[in-house]
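Trainee: Could we go through this model together, slowly, so that I can learn how each description is reached?

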Amino acid sequence: MNVEFINPFLSSMLNVMSTMAQMELKPEKPKLKKNEVAQGDVSGLIGMVSDQAKGSLSITFEGSLALATMKNMVGEAPDEVNEEITDLVGEITNMVTGGAKRMLSEKGIEFDMATPMVVSGKNHSIKHKAEGAVVIIPLGSEFGKAYIEFSFD
């Protein structure tokens, strides 16, 4: 797994959460993920294809962080994860991928993105589009955790 490819996504995620939701997320130690079960309650998954690689990225939010993110972004939030929250997670996934796409294109790496798919519920599965290993990076905050996952061929 190429760090040059991962860092723009991580940087973009931290930037989106900081600028859009006024939240600082703290990256924790990356590790290999052994199964398809999501660590949180709502996940945005987006496939990507380039001449150099094929893969996918997912961003999973614990419910508490997703609700706090919406409250910070729009001034109010529902009491539980609902369609508004899943839409928000899909939009954040798009913004993060778009930001990373800009950074990577400056390095000469171009890729096409699919439309994000959002899955929610306790113990939902995330099926990555690549056969490669899945790297997961937990991101801590005072409101709960987010998890960013990468898998590339």
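This is a predicted model: local features need pLDDT of at least 70, side-chain atom pairs count only at pLDDT 80 or more; totals for chains, interfaces and linings use all residues.

Trainee: Does Asn 123 count as buried or exposed?
Mentor: The cut-off to apply is that exposed means over 50% relative accessible area. Asn 123 has 60% relative accessibility, and therefore it counts as exposed.

Trainee: Where does Gln 22 lie, and what is its phi?
Mentor: Gln 22 lies in the loop between α1 (3–21) and β1 (26–27), and at 52% relative accessibility it counts as exposed. Gln 22 is a residue other than glycine with a positive phi, and the value is near 50 degrees.

Trainee: Turning to the helices, how are α1 and α2 oriented to each other?
Mentor: Two packed helices are described by the angle between their axes and the distance between the axes. The axes of α1 and α2 (residues 63–74) come within 8 Å and cross at roughly 50 degrees. An angle from 65 to 115 degrees would count as roughly perpendicular and one under 35 as roughly parallel, so the word for α1 and α2 is oblique.

Trainee: What is the handedness of the crossing of α1 and α3?
Mentor: α1 packs with α3 (residues 83–106) at an angle of about 130 degrees, with the axes 8 Å apart, and that makes α1 oblique to α3. The contact includes Phe 9 and Met 13 of α1 and Val 96 and Ala 100 of α3. The crossing of α1 and α3 is right-handed.

Trainee: How are α2 and α3 oriented to each other?
Mentor: Their axes are 10 Å apart and the angle between α2 and α3 is about 80 degrees. Among the residues in contact are Leu 67 and Met 70 of α2 and Leu 88 and Ile 92 of α3. Since 65 to 115 degrees is the range for this class, α2 and α3 are therefore roughly perpendicular.

Trainee: Which element gives the largest share of the largest nonpolar core?
Mentor: The largest nonpolar core has 38 residues, and Phe 9, Met 13, Phe 61 and Ile 148 are those with the most contacts inside it. Phe 9 touches residues including Met 48, Leu 57, Ile 148 and Phe 150. The largest share of this core, 8 residues, comes from α1.

Trainee: Is Ser 58 buried or exposed?
Mentor: Ser 58 is placed in strand β4, where its contacts include Gly 44, Ile 126, His 128 and Tyr 147. Buried means under 20% relative accessible area, and because Ser 58 has 0%, the word for Ser 58 is buried.

Note on methods: Residues are numbered from 1 along each chain as its sequence is written. Side-chain values use heavy atoms; hydrogens and water are left out. Helices (H or I, at least four residues) and strands (E, at least two) are DSSP runs, numbered from the N terminus. Buried means under 20% relative accessible area, exposed over 50%, partly exposed in between (1.4 Å probe, protein chains only). Axes are lines fitted to C-alpha atoms, for helices over the stretch in contact, and angles run from 0 to 180 degrees between N-to-C directions. Angles under 35 degrees count as roughly parallel, over 145 as roughly antiparallel, 65 to 115 as roughly perpendicular and the rest as oblique. A crossing is left-handed if the near helix is turned anticlockwise from the far one by less than a right angle, and right-handed if clockwise. Contact means heavy atoms within 4.5 Å. A nonpolar core is a set of buried Ala, Val, Leu, Ile, Met, Phe, Trp, Tyr and Cys residues joined through side-chain atoms within 4.5 Å. Lists of a residue's contacts leave out its neighbours within four places in sequence.
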